[in-house]
Amino acid sequence: MSLATLNKMGEGNMLAYLDIEFTEIGDDYLVAKMPVTAKVKQPMGLLHGGANVVLAESLASCAAYCVAGDNTMVVGVEINANHLKAVRHGEVTAKASPIKLGNSLQVWQINIVQNNDLVCSSRLTVMVKTK
């Protein structure tokens, strides 16, 4: 899967609305970035925790899909997120790395950072199903 293909998949949905862009694919990770604009802030002017979760789940779900293959679909079954640092501006970068890659279940760790500071630590579990 290429970055262009992943970014194309994000057109016309939540990823496009939040300006999430995939930026790097590695052998065992996927990276994306999201600008911290008004549409991802809560009323106090901070990056909304829900926006962190959208970024984390979107990134890890796409990574899981890349691993699972074309004849499968992946469905998120559980996500958690620890919001560790407030962000007011700039952009955040997220990296998803696998913890467990099973045939029917995958678990991914997603770290969201800004300037090398951990902003949010999240974990997503997905079910892998045959199409």
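With which side chain does the side chain of Ser121 make a polar contact? The partner is the side chain of Gln109, at 3.0 Å, where a polar contact is a pair of N or O atoms within 3.5 Å; within protein, one must be able to donate a hydrogen and the other to accept it, and residues adjacent in sequence count only if both atoms are side-chain atoms. The model is predicted, so that local features need pLDDT of at least 70 and side-chain atom pairs count only at pLDDT 80 or more, while totals for chains, interfaces and linings use all residues. Residues are numbered from 1 along each chain as its sequence is written, and side-chain values use heavy atoms, with hydrogens and water left out.

Ser121 is located in strand β6; helices (H or I, at least four residues) and strands (E, at least two) are DSSP runs, numbered from the N terminus. Apart from residues up to four places away in sequence, Ser121 touches Asn80, Ala81, Asn82, Leu84, Gln109, Ile110 and Asn111, contact meaning heavy atoms within 4.5 Å.

Side chains of opposite charge can pair when their charged atoms come close. The structure contains 4 salt bridges, each defined as a side-chain nitrogen of Lys or Arg within 4 Å of a carboxyl oxygen of Asp or Glu. One of them joins Asp117 to Lys85, with the closest N and O atoms 2.9 Å apart. Because Asp117 belongs to strand β6 (residues 117–130) and Lys85 to the loop between β3 (72–83) and β4 (91–101), this pair ties together parts that are 32 residues apart in sequence. Asp117 has a relative accessible area of 33% and is partly exposed, as is Lys85 at 43%; buried means under 20% relative accessible area, exposed over 50%, and partly exposed in between (1.4 Å probe, protein chains only).

A further salt bridge is formed by Asp19 and Lys39, whose closest N and O atoms are 3.2 Å apart. Asp19 lies in the loop between α2 (14–17) and β1 (21–26), and Lys39 in the loop between β2 (29–35) and α3 (49–68), so the pair links parts that are 20 residues apart in sequence. Asp19 is partly exposed, at 34%, and Lys39 is partly exposed, at 37%. A salt bridge also connects the side chains of Glu11 and Lys8 (3.3 Å, N to O); Lys8 is exposed, with 53% relative accessibility.

Val74 is part of strand β3. Its C-alpha atom is separated by 27 Å from that of Lys39, 35 residues apart along the chain. Beyond its neighbours within four places in sequence, Val74 contacts Ser61, Ala64, Tyr65, Ala68, Val126, Met127 and Val128.
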